[in-house]
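Here is a short report on a multi-chain model. Keep the sequence and the 3D view open while you read.

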Amino acid sequence: MGEIKQIRLCGLGGQGIVLGGTILGYAGINDGKWVAGSSSYGAEARGSACRSEVIISDEPIIFPHVTRPDILIAMSQEAYDKYIKDMGRDGETVIYDEQMVCTKEISGLRQLGFPAGSVATKELENKLVANMVILGIVAEVTRIVSRNALLSAIEKNVPERFRALNLRAAELGLALGRAQK
Amino acid sequence: MAGDMEEYLRPGVRTPFCPGCADRILVRLILRAIAELKIDIDRMLFVSGIGCAAWIPSPHFNADTLHTLHGRAIAFATGAKLFNPELITMVVSGDGDLAAIGGNHLIHAARRNTDLTVICVNNMVYGMTGGQVSPATPMGIFTSTTVEGNRERPFDLCKLVAAAGAEYVARYSVSQPDTLVSSIKRGLETPGFSFIEVISPCHIQFGRRNRLDTAAETLRFFAGKCLMKDEAEGLSPEELRDKIITGEFSNGRNQAD
Amino acid sequence: MAWKEVRSALPAGNYYYSGNEAAAEGAIAAGCRYYAGYPITPSSEIMEWIAVRFREVGGVFIQMEDEIASLSSVIGASWAGAKAMTATSGPGFSLMQEGIGYAAMTETPIVIVDIQRAGPATGQATRVGGGDIMQAKWGSQGDYPVIAISPWSVQEMYDQTINAFNLAERYRVPVILLAEQAVGHLRERMNVVEKIAIFNRRKEKGAAPFGAGDDGVPPMPAFGEGEKLLVTGSSHDDYGLRKVADPLVQARLTARLHNKIVNNREEIIQHEDYYAEDADVIVIAYGFTARSSLFAVEAMRREGKRVGMIRLKTIWPFADSLIRDVGSRAKKIFVPEMNRGQVAGEVMKYTCCDIIPYNQTDGEVIHPNTIMGELRRLL
Ligand SMILES: Cc1ncc(C[n+]2csc(CCOP(=O)(O)OP(=O)(O)O)c2C)c(N)n1
Ligand code: SF4
Ligand SMILES: [Mg+2]
């Protein structure tokens with residue numbers, strides 16, 4: 001059996017969670033993987049626990065929804081509180097925005113905080129690209145997608161006038177991820 | 001061949017209309033307008049809904065005809081015309097079909113100014129289904145569903161369609177054949193949405209319930225009510241009551257008067 | 001034959017599309033160049049995708065005033081020569097029913113994508129449902145043929161939309177892509193191949209446009225070709241002339257409409273078998289639920305349990321002989337559905353083997369664990 005990774009991104013509506021999931025999935029495609037993704041939409045996507053899920057696999061995916069995340073990416077407290085319940089097995093990882101989330105102690109669970117939001121605000125003067133910073137971090141720390149796949153996914157999915165900004169945000173995230181190691 | 005009216009009639013067709021029905025006259029008048037414009041009828045598409053009036057093009061006209069669902073003729077016509085703008089597309093249907101069940105399609109096509117010529121055959125009643133009230137039935141008229149006389153106000157269809165944005169809007173009666181034919185020609189020649197309301201009396205379902213026993217009487221009754229627009233000018237509302245004002249109400253979006 | 005190979009509209013390769021986007025691209029690949037629609041969750045992305053892409057490929061797009069108008073204009077466009085489509089969800093699909101009957105009666109090739117949501121009525125607009133199975137078959141008055149396909153993946157939203165157009169053109173029939181919200185909004189890897197096979201409606205100058213043809217499917221001319229067509233939803237003879245009181249005409253026409261689909265069902269119906277050969281309990285599933293089911297079946301096979309699955313890719317015409325055959329082999333048939341047993345009822349018509357429906361109508365997909373739990377109880 002090849003590798004299969006289940007990833008859940010969550011946060012507030014308006015933080016670009018759905019776009020983040022789409023870009024992550026797209027990057028998986030760029031890496032030649034099988035990918036399935038589904039997201040909150042409608043009122044849910046604007047709410048306080050917006051969610052986007054991606055499965056990246058070496059083989060065709062039979063059931064396309066996340067059954068148990070290997071990686072939880074949390075961008076808000078409410079979303080963290082809601083979805084942390086599904087986490088806790090060995091080898092699972094939580095990546096969160098340390099400005100937004102206070103974690104709970106869960107033994108054996110790797111939980112890594114990063115200043116994604118504050119880096120976006122300070123370095124790029126745009127809090128909205130915290131999602132791209134986080135994606136850069138995730139790519140570097142978990143290796144679920146490659147750097148090039150991520151950057152080209154951003155290029156394809158972000159409108160021209162925001163492209164450079166989003167790419168820089170992802171680069172900052174990649175750097176933060178490298179520093180962590 | 002372009003211009004030959006007899007060629008425009010589908011051979012071997014027995015008309016379904018009651019003897020004396022004004023729609024029989026209208027069959028000829030529409031074809032006369034097309035013949036006078038020398039339009040090759042193979043370039044035309046006739047779309048109709050359901051009702052007596054919807055039988056005017058189908059099967060009488062020897063051309064492409066699309067006999068659709070009750071109320072939906074304009075929507076069907078929109079698809080055909082948009083996909084193939086070469087088709088000179090005319091919709092012929094009744095007052096019930098176009099103004100009741102299909103009223104929404106009518107105002108939206110006028111709003112879009114879709115390039116269609118719509119002939120609304122107004123007998124002020126649902127002819128085919130046995131003479132029920134229609135949104136064009138005048139007040140006081142007896143129908144099978146207004147047994148004490150119609151208490152609802154009818155639409156002024158021309159005002160409605162003009163207000164919705166139609167390019168060309170006119171009303172004439174089959175009792176004014178020459179002006180009607182010119183109007184249909186104007187409608188066909190006008191790019192955009194053209195709407196011609198034709199007063200085409202039904203003696204069977206409308207006439208008989210309102211003490212008009214023959215086709216001729218019914219026709220005369222309506223003819224007597226028709227006033228040309230300029231004749232109507234200066235008349236008091238009292239004098240205009242029960243009158244049908246005929247003429248052009250909009251020809252070119254900005255010249256509506 | 002009217003089959004031909006054409007280049008795909010998209011460059012060959014892998015894409016990351018939603019099911020709705022894939023359906024729109026499938027339509028474009030199949031040659032669809034007329035689309036009319038009315039916004040409704042969860043199908044609107046199809047219309048929005050088409051609105052953008054038709055500007056690139058040169059198609060006619062219009063947002064109509066309602067679903068009745070949308071479908072009506074699609075039928076009008078089809079007779080003007082277009083491959084034409086609309087998409088909607090339950091409430092709009094209900095409004096389209098009269099037009100679907102009309103398309104069946106006039107043998108108009110059209111494609112309708114129904115992204116099913118949780119009903120009845122407005123129900124839960126953003127949630128999944130599968131309650132339009134019977135509506136797709138019996139929603140309009142009278143007996144009439146339709147083809148309905150149930151895709152289970154984004155790839156199939158693309159491939160089966162192409163297939164839907166091919167079937168519509170081949171059999172002159174309305175074809176319904178009966179997808180569920182969970183497939184319409186799923187994003188997946190979708191592969192586009194360089195060339196696809198396309199069927200374009202047969203034409204034959206002067207031939208009766210409503211005659212029997214060789215296989216019950218007459219050739220179809222378009223408006224503007226000088227054929228002086230009579231198209232009507234009233235009962236009609238081979239040339240479209242209204243015959244509204246002739247029992248022979250009515251009987252012949254309704255029989256032919258029915259038979260042109262039923263007699264060709266081997267060519268139309270698609271299904272897939274998974275571990276069904278030696279299974280004691282067979283799951284019959286379709287659409288998204290088939291993915292949950294296959295996941296469950298594979299997990300239980302690894303435990304050595306004799307379970308299998310048959311996936312119905314075509315819902316209408318119904319795979320009657322397949323079900324007869326399965327019923328003669330299996331001990332039990334399990335039918336999980338996101339409705340109150342619409343396909344289970346059909347299955348019961350064709351076999352008297354023990355049939356266990358499972359009906360979930362809570363606006364959520366059926367989880368593999370649920371299916372595993374049920375299967376364990378049946379073994
Ligand atoms: C959906 C639907 N509702 C009702 C009918 C029945 N119906 C057929 S014709 C008609 C009224 C026709 O009236 P109008 O359009 O004024 O035409 P007329 O017969 O007066 O020329 C009705 C209600 C129908 N065919 N379809
Ligand atoms: S019922 Fe009236 S409108 Fe219909 S054919 Fe007879 S006279 Fe004409
Ligand atoms: Mg009438």
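P42(C) sits in the loop between β3 (34-37) and α2 (44-57) of chain C. Helices (H or I, at least four residues) and strands (E, at least two) are DSSP runs, numbered from the N terminus. The peptide bond from T41(C) to P42(C) is cis, with omega near 0 degrees. Another cis peptide bond links G119(C) and P120(C), with omega about 0 degrees. P120(C) belongs to the loop between β6 (110-118) and β7 (124-128) of chain C.

K38(B) is not a glycine, yet its phi is positive, about 55 degrees. K38(B) lies in the loop between α1 (22-36) and β1 (44-48) of chain B. Why point these out? Most residues other than glycine have a negative phi, and most peptide bonds are trans.

A word on the source: this is a predicted model, where local features need pLDDT of at least 70, side-chain atom pairs count only at pLDDT 80 or more, and totals for chains, interfaces and linings use all residues. Residues are numbered from 1 along each chain as its sequence is written, chains are lettered from A and ligands numbered from 1 in the order in which they are written, and side-chain values use heavy atoms, leaving out hydrogens and water.

The table lists two helix pairs. Axes are lines fitted to C-alpha atoms, for helices over the stretch in contact, and angles run from 0 to 180 degrees between N-to-C directions.

| Helix pair | Angle | Axis distance |
|---|---|---|
| α5(A) (residues 147-157) and α6(A) (residues 160-180) | about 155 degrees | 9 Å |
| α1(A) (residues 17-30) and α5(A) | about 125 degrees | 8 Å |

The angle makes α1(A) oblique to α5(A). In contrast, α5(A) and α6(A) are roughly antiparallel to each other. Angles under 35 degrees count as roughly parallel, over 145 as roughly antiparallel, 65 to 115 as roughly perpendicular and the rest as oblique.

Which residues of α5(A) and α6(A) make the contact (heavy atoms within 4.5 Å)? From α5(A) come R147(A), L150(A), L151(A), I154(A) and E155(A). From α6(A) come R163(A), N166(A), L167(A), A170(A), E171(A) and L174(A). By class, this contact of α5(A) with α6(A) has 6 nonpolar, 1 polar and 4 charged residues. Ala, Val, Leu, Ile, Met, Phe, Trp, Tyr, Cys and Pro count as nonpolar, Asp, Glu, Lys and Arg as charged, and the others, Gly among them, as polar.

Now take α1(A). Its residues L19(A), T22(A), I23(A), Y26(A), A27(A) and N30(A) meet α5(A). The α5(A) side includes L150(A) and I154(A). The contact of α1(A) with α5(A) has 8 nonpolar, 4 polar and 1 charged residues.

## Chains and a ligand

Of the 2 pairs of chains in contact, chains B and C share the most contacts. No contact joins chain A and chain B. Their closest C-alpha atoms lie 29 Å apart.

Chain C and chain A bury about 1,800 Å² between them, 64% of it on carbon and sulfur atoms. Buried area is the accessible area (1.4 Å probe) that two parts lose on being put together, summed over both. Y16(C), R189(C) and R291(C) supply 40% of the area that chain C buries against chain A.

Residues around ligand 2 (a heavy atom within 4 Å) include F17(B), C18(B), N123(B) and H203(B). The shell around ligand 2 has 6 nonpolar, 3 polar and no charged residues.

Technical notes: Contact = heavy atoms within 4.5 Å.
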